[in-house]
Amino acid sequence: IWTGDLNVAHQDIDIHNPKGNQKTAGFTPAERKNFTHLLSSGFVDTYRQQNPDKQSFSYWGYRGDCKTKNAGWRLDYFVVSESLLPMVGKSFIRPYTQGSDHCPIGLLVAREKGQDMKATIDIEVDDSAADVPNKKATPPSKRKKPDDDDEEEEEVKAPKKKAKAPAKKKSKKDSDEDMPEDDDF
């Protein structure tokens, strides 16, 4: 698995203005050709493999209000070997996460070949805002669980207080200093 900001928008779909950026670093014909060569040597761009026609970006410049206009580039990748591809569950981009000029990307991978991804990885990918400009994804704490309406709350009962043990009679040999009170137990 090779991941990170690879500084190349590989295909026209990976950049907001392909015609106007032919000579811009990160989208030159030579960079794109080299990335194609890399992929043809036994590697796969997981996001593009799963989303061949979806235009999504992972980077927006700070100038010109690019994020609001969704004038971005897809520069961040998960590239895997073809032999690992059967273990890839979902490759995704979190475009509505704030905090940087890049957004997080993710990849869900099975622990072993042939293993059911649902049984292997207990994580929910929220694509609720993936295709809607200026919409924020629903945070996990606010997501409705499928069975929320069907479950009734259990009544919580306060524990019963234990009856206090009767006070132990002191013999003449016992002194108050040697014997703890019943409340000390």
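Does Cys66 count as buried or exposed, and at what relative accessibility?

A: Cys66 counts as buried, at 17% relative accessibility. Here buried means under 20% relative accessible area, exposed means over 50%, and partly exposed lies in between, with a 1.4 Å probe and protein chains only. The areas themselves come from the Shrake-Rupley method with a 1.4 Å probe, and for residues only the protein chains shown count as cover.

The model is predicted: local features need a pLDDT of at least 70, side-chain atom pairs count only at pLDDT 80 or more, and totals for chains, interfaces and linings use all residues. Residues are numbered from 1 along each chain as its sequence is written, and side-chain values use heavy atoms, with hydrogens and water left out.

No disulfide (a pair of cysteine sulfur atoms within 2.5 Å) is found in a search of the whole structure.

The fold supplies the setting. The protein chain contains four helices and five strands, arranged along the sequence as β-α-β-α-α-β-β-β-α. These elements are DSSP runs numbered from the N terminus, with helices being H or I of at least four residues and strands E of at least two. Of the 185 residues in the protein chain, 31% count as buried. The protein chain exposes about 13,800 Å², of which carbon and sulfur atoms supply 50%. Taking a contact as heavy atoms within 4.5 Å, 61% of the contacts in the protein chain between residues at least 6 apart in sequence join residues at least 24 apart.

The salt bridges show how separate parts of the sequence are joined. A salt bridge is a side-chain nitrogen of Lys or Arg within 4 Å of a carboxyl oxygen of Asp or Glu, and the whole structure holds four of them. A network of salt bridges links Asp14, Asp45, Arg48 and Arg74.

The relative accessibility of Asp14 is 0%, and Arg74 has a relative accessible area of 0%. Arg74 in turn forms a salt bridge with Asp45, with 2.5 Å between the closest N and O atoms. Since Asp45 belongs to strand β2 and Arg74 to the loop between α3 and β3, the parts tied together here are 29 residues apart in sequence. Asp45 is buried too, with a relative accessible area of 6%.

The loop between α3 and β3 also holds Asn70. Its phi is near 55°, a positive value in a residue other than glycine, and Asn70 is partly exposed, with a relative accessible area of 37%. Asn7, in the loop between β1 and α1, has a positive phi of about 55° although it is not a glycine. Asn7 counts as partly exposed, at 46% relative accessibility.

Arg32, Phe35 and Leu39 are buried in α1. They cover an arc of only 60° around the axis, which puts them on the same side of α1; the arc is that of the directions from the helix axis to the C-beta atoms. An α-helix has 3.6 residues a turn, so residues three or four places apart point the same way. Cover for the buried residues of α1 includes β2 (43–45) and β3 (76–81). The face turned away from this buried side carries the exposed residues Pro29, Lys33, Asn34, His37 and Ser40. After α1 comes Gly42, with a positive phi near 110°.
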